[in-house]
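Welcome! Here is a short tour of a few local features, meant for someone meeting this structure for the first time.

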Amino acid sequence: MDLRVHTVAVDSDAPLLSHLPDAGGVVWLRQGEGFVGWGEAARIDAGTGPERFSRAAEAWADLLESVTVMDDVGIAGTGPVAFGSFAFDDRSHGSVLVVPEVVVGRREGVTFLTRASATDDLHDTPPAPAIVAEGPAPRGDRVRYAGSSVPDVLWLAAVAAAVDRLEAGELEKVVLARDHAVWSKEPFDARDLAWRLAERFPSCFTFSVDGLVGATPELLIRRLGKRFESLVLAGSARRGADDVEDTALGEELLGSDKDRREHDLAARSVYDVLGPLCDDLAFPGVPELLRLDNVQHLASRFVGTLHRADDLTALDLAARLHPTAAVGGTPTSDAVELIRELEGMDRGRYTGPVGWVDRTGDGEWGIALRCAQLAGARARLFAGAGIVVGSLPEDELEETRLKLRAMQGAFGEELS
């Protein structure tokens, strides 16, 4: 496919979501910057298997060979850009890269418009994007709970079985997830969900790719030239009703041996991948607190410089990192096998990489957390918890309930 791609700066300080006319478009936003896109100039279905990442990366590189680019802005994310979402398990379907026909982006304070087309009409300056929405539309029908793939009592038994395997020394950590199905009499709108999530969680990465919509606090990798950054989250607690209780809960989380062990395993899994690729790698020896609207996490931020950047794109780095111990476990292969045995559902793209990559290899990839898979008037919401020796099944179930509230609030549906 021969594509022509033209990027120009535009005069707009409106919220990016206000330009998105298509409920099925792509979204990647944080603190007002990022992208929205619509239409489909190209689509790469990556298939299944451990080769799904390399298959997508090779197809993206092949596509770029035939692209004619006019880039009047010249920053990361301008010119041709692909938005992707990948399945957690290599046996699952749905891994995809999408190149929108139109992208409106804002990075480094610059707002820009990118058009991709197979025609020759891109030499003229594209028109400024229209304002099509001022905010999320009110829902006309209430959202109803439709059950879970695994009832609570059976999920508790699965966690207990996992703890037994951990205590027997078969592995150090495993992450078990559960789903929460909802339905309505009218289709769910990913654009409206993205509005609500971006407003409530501005410090998270709000995303929407091919029906998967959410707001993740966890940055798997950001690559800008040789520089990269990764934010590891593992170990969680609820927020307090006031500052005193909130501080006490945070201090308890920081002092929790169980949560620190869980976090250290996740941080180590990132260090082991990125360390050999770097000239330098800075990270804290002790995690800090990351507080969100509904939950607080133990967090460790990695910052470093790659030996070289021309042969490792942001997508390549995401592929090497996935799955971290924050969403899979330790050792990785044993944890994935135990997830297949005990979890009782197909995660799909939940806990898989989600994000974007441009023609230079720069990009950002998060872990698809606090998310839902939409299917018309039905949706599956997801949450998970890290299990280590000492985990109490009832505590882990409560942790998933806390995490589910982020998406339940976006849908307007809360559990009692």
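Pro331 sits in the loop that links E19 to helix H7 (332–342). In this predicted model, the peptide bond leading from Thr330 into Pro331 is cis, with omega near -10°. Another cis peptide bond connects His322 with Pro323, where omega is about -10°. Pro323 belongs to the loop between helix H6 (314–321) and strand E19 (329–330).

| Residue | Phi | Loop between | Relative accessible area |
|---|---|---|---|
| Arg370 | about 45° | strand E21 (363–367) and strand E22 (371–375) | 7% |

Arg370 is buried, because its 7% is under 20%.

Next, have a look at Thr7, a residue of strand E1 (residues 3–9). Thr7 is buried, with a relative accessible area of 0%. Its side chain comes to 2.9 Å from the backbone nitrogen of Gly79. Among the other residues that Thr7 touches are Met70, Val73, Phe112 and Leu113.

Finally, two helices pack together. H2 (residues 152–167) and H8 (residues 393–411) form an angle of about 120°, and their axes are 9 Å apart. This angle makes H2 oblique to H8, and their crossing is right-handed. On the H2 side the contact includes Trp155 and Leu156, while H8 contributes residues including Leu397 and Arg401. The residues of this contact comprise six nonpolar, one polar and four charged.

Terms used
Residues numbered from 1 in each chain as written. Predicted model: local features only at pLDDT ≥ 70, side-chain atom pairs only at ≥ 80, totals over all residues. Heavy atoms only, no water. Axes fitted to C-alpha atoms, helices over the stretch in contact; angles between N-to-C directions. Helix = DSSP H or I, 4+ residues; strand = E, 2+ residues; numbered from the N terminus. Parallel < 35°, antiparallel > 145°, perpendicular 65-115°, else oblique. Left-handed = near helix turned anticlockwise from the far one by under 90°. Contact = heavy atoms within 4.5 Å. Nonpolar A, V, L, I, M, F, W, Y, C, P; charged D, E, K, R; others polar. Buried < 20%, exposed > 50% of the residue type's maximum accessible area, 1.4 Å probe, protein only. Polar contact = N/O pair within 3.5 Å; in protein donor to acceptor, adjacent residues only side chain to side chain. Lists of a residue's contacts leave out its neighbours within four places in sequence.
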